[in-house]
Amino acid sequence: MSPLNRRDLLRTAGVLAFAGVATATAGSQPAQSATLTGTAVPGFQHGVASGDPLPSSVLLWTRITPTLEAVPGSGLGPDVIVNWEVAEDSGFLRMAARGAVRTGPARDHTVKVVPGGLRPGTNYWYRFIAAGATSATGRTRTAPAAGAAVDRLRMGVVSCANWQAGYFSAYRYLADRGDLDVVLHLGDYLYEYAPGEYQARDVVVRPHDPAVEMTTLSHYRRRHAQYKTDLDLQALHSAVPFVVTWDDHEFANDAWSGGAENHTEGAEGTWSARRAWSQQAYAEWMPVRFEPGGHIYRRFEYGSLASISMLDLRSYRSQQASSGVDPAIGSPARTLTGDAQMTWLLDGFSSQTTQWKLVGNPVMISPVRFPSTLSTQEVGAVQQLLGSTTIDGVPYNVDQWDGYTADRSRVISHLRDNAITDAVFLTGDIHSGWACDVPADPLTYPANGASVATELVCTSVTSDNLDDILRTPQRTSSIAVEEAFKGANPHVKYLDFDSHGFSVLEVTPGALRMDWYVLSERTSRASTSTLSTSWQVAAGTQSVSRVL
């Protein structure tokens with residue numbers, strides 16, 4: 001169990017917060033969800049989505065509500081045949097593939113199909129037809145042919161979207177761009193908490209359904225369904241294929257292979273059952289080539305330009321260490337990735353013929369030493385944000401790679417010893433924006449200048465940041481904390497502890513560039529979006545540099 005008991009902290013802080021739900025959600029905001037999960041209307045109420053694009057296929061997803069009683073998580077309703085169509089044009093005049101599939105309550109009336117025989121690097125449109133209804137039309141795109149020369153890859157990068165903490169305007173802005181090849185979702189696609197346990201500072205903007213913490217299969221299904229009624233999320237799913245992985249909140253906070261900080265064995269059932277139910281609902285409701293019993297770590301290639309290796313850093317990890325000075329942190333017997341996934345990752349670095357080796361990395365790999373100059377209040381706020389623990393005045397985050405240094409050393413040694421270039425870790429989880437070099441030895445960096453990779457961390461879509469915890473205006477009290485962190489960690493070149501929003505990553509043969517966009521107000525659908533900063537990694541440098 002994590003030394004910082006986030007569950008108790010959030011529940012204590014949320015008692016008064018939930019009392020304000022009615023006033024927080026009332027007002028003139030435009031409707032931001034389709035039919036609620038408890039009052040189903042026949043048809044396609046949860047949108048369409050695509051994901052995991054390969055050169056000749058892409059996975060397509062939807063959910064059909066065939067009858068009034070077939071609400072998500074109910075286990076009710078008949079089996080039904082759903083027809084699907086894929087075309088080369090939005091009018092469905094040039095058909096590329098079509099078929100039919102049966103679904104029913106056994107899989108919560110969700111549908112996943114994988115049409116094959118598609119052309120590489122091609123836009124397609126798709127739709128579903130069932131129960132007298134036709135779904136919205138989705139647009140997707142296959143990956144380029146293996147080894148093909150690719151001049152540019154552009155993707156959205158997002159993480160940590162808490163329904164209770166605000167609106168998903170970040171998804172809307174990404175959907176409106178029209179220039180993305182793929183969206184990379186790095187985890188915490190949804191949150192497990194009950195209303196009043198985790199929200200926007202002290203306000204529940206939109207209460208979770210069901211109104212309890214997710215612990216059962218029905219709970220997980222209903223929560224997935226609620227998130228997919230968000231119209232901005234529906235818009236992004238229908239516009240661009242997703243490549244996803246999970247972090248902890250798809251299960252429970254600070255999850256590891258044998259439990260979680262936010263799980264009480266016995267009172268909330270067994271962890272093995274809860275994890276199995278959460279994974280089943282995830283497989284049903286997400287556009288991902290994953291089914292229970294398999295593994296979600298997998299790799300995609302975009303011609304000769306880039307590969308994307310998506311990690312699972314929850315299913316196989318040892319329990320988090322008790323503190324940052326626990327000798328167990330460096331024990332080779334402890335693991336973050338598990339042996340099989342580590343072998344797959346290292347072999348991928350060595351065998352990939354693509355130029356850029358991108359890693360979808362749910363928790364930070366860059367070493368972070370917390371500055372000793374922070375005030376007690378600042379230390380407490382950073383602890384709450386990062387889930388860290390304090391020993392002798394120096395906090396450590398044992399939930400990320402800092403708590404599993406033997407595994408991190410294997411990765412860094414492999415990159416260094418094999419002279420692997422252009423490895424970039426793309427990370428979510430900690431509700432803040434970072435641009436870092438990944439040093440071979442943080443104790444001698446930058447004197448020896450040795451960096452073996454780089455890391456770019458996206459902000460949260462809505463989840464609380466440091467200014468929210470400190471209860472201060474954006475870009476005020478957090479600035480001094482950021483400067484202290486950068487001073488204590490010279491490989492950290494950029495840090496934003498305050499903003500909510502999204503990132504856009506552009507990859508070319510000459511450089512990789514990340515743009516961070518911030519939202520003016522997560523609790524309003526009228527939020528504006530502003531380009532905050534841009535950082536790049538020039539090919540062959542293993543170092544980040546500022547562009548804007």
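**A chat about the cores and loops**

Author: Happy to. The largest nonpolar core holds 44 residues, and Phe168, Tyr171 and Leu236 have the most contacts inside it. Keep in mind that this is a predicted model.

Reader: Which elements give two or more residues to this core?

Author: On the helix side they are H3 (169-177), H4 (217-227), H5 (231-239) and H6 (271-285). The strands are S11 (242-244), S21 (501-507) and S22 (511-519).

Reader: And what is Leu236 in contact with, leaving aside neighbours within four places in sequence?

Author: Leu236 is in contact with Tyr171, Leu174, Ala175, Val183 and Phe242. Tyr171 is itself one of the residues with the most contacts inside the core.

Reader: What about a second core?

Author: There is a separate one of 31 residues, and Trp356, Leu456, Tyr494 and Leu512 are among them. As a general point, nonpolar side chains in soluble globular proteins tend to be buried together.

Reader: Let's zoom out. How many helices and strands does the protein chain have?

Author: The protein chain has 11 helices and 24 strands. Its C-alpha trace spans about 65 × 55 × 45 Å along the principal axes.

Reader: How does the radius of gyration compare with a compact globule?

Author: It agrees: a compact globule of 548 residues would have a radius of gyration near 24 Å, and the protein chain has 22 Å. Buried residues make up 62% of the 548. Of the contacts with a separation of 6 or more, 72% are between residues 24 or more positions apart.

Reader: Nice. What does the surface look like, and how many charged side chains are there, positive and negative?

Author: The accessible surface is about 18200 Å², with 54% of that belonging to carbon and sulfur atoms. There are 44 positive and 55 negative side chains, and the centres of the two sets lie 5 Å apart.

Reader: Changing topic: where does His46 lie?

Author: His46 is in the loop between helix H2 (21-25) and strand S1 (48-51).

Reader: Buried or exposed, and why do you say so?

Author: His46 counts as buried because its relative accessible area is 4%, and the cut-off for buried is under 20%.

Reader: What does His46 touch, not counting residues up to four places away in sequence?

Author: His46 touches Trp61, Arg63, Thr65, Pro72, Ala225, Lys228, Thr229, Gln234 and Trp285. Take Trp285: it is 239 residues from His46 in sequence, yet 9.8 Å away in space, C-alpha to C-alpha. Residue 285 is also where helix H6 (271-285) ends.

Reader: Now the backbone. Which residues does a cis peptide bond join?

Author: One joins Asp209 and Pro210, with omega about -5 degrees. Pro210 sits in the loop between strand S10 (182-185) and H4. Another cis bond runs from Tyr445 to Pro446, with omega near 5 degrees, and Pro446 is in the loop between strand S18 (433-439) and strand S19 (451-457).

Reader: And which residue other than glycine has a positive phi?

Author: Asp429 is one of them, with phi near 80 degrees; Asp429 is in the loop between S17 and S18. Asp422 also has a positive phi, about 60 degrees, and lies in the loop between helix H9 (405-417) and strand S17 (423-427).

Reader: Are those two aspartates buried or exposed?

Author: Asp422 is buried, with a relative accessible area of 6%. Asp429 is buried as well, at 13%.

Notes
Residues numbered from 1 in each chain as written. Predicted model: local features only at pLDDT ≥ 70, side-chain atom pairs only at ≥ 80, totals over all residues. Heavy atoms only, no water. Helix = DSSP H or I, 4+ residues; strand = E, 2+ residues; numbered from the N terminus. Rg over C-alpha atoms; globule rule 2.2 N^0.38 Å. Buried < 20%, exposed > 50% of the residue type's maximum accessible area, 1.4 Å probe, protein only. Contact = heavy atoms within 4.5 Å. Areas by Shrake-Rupley, 256 points an atom, 1.4 Å probe, with all protein chains shown as cover. Lys, Arg positive; Asp, Glu negative; His and termini not counted. Charge placed at Lys NZ, Arg CZ, Asp CG, Glu CD. Core = buried A, V, L, I, M, F, W, Y, C linked by side-chain atoms within 4.5 Å.
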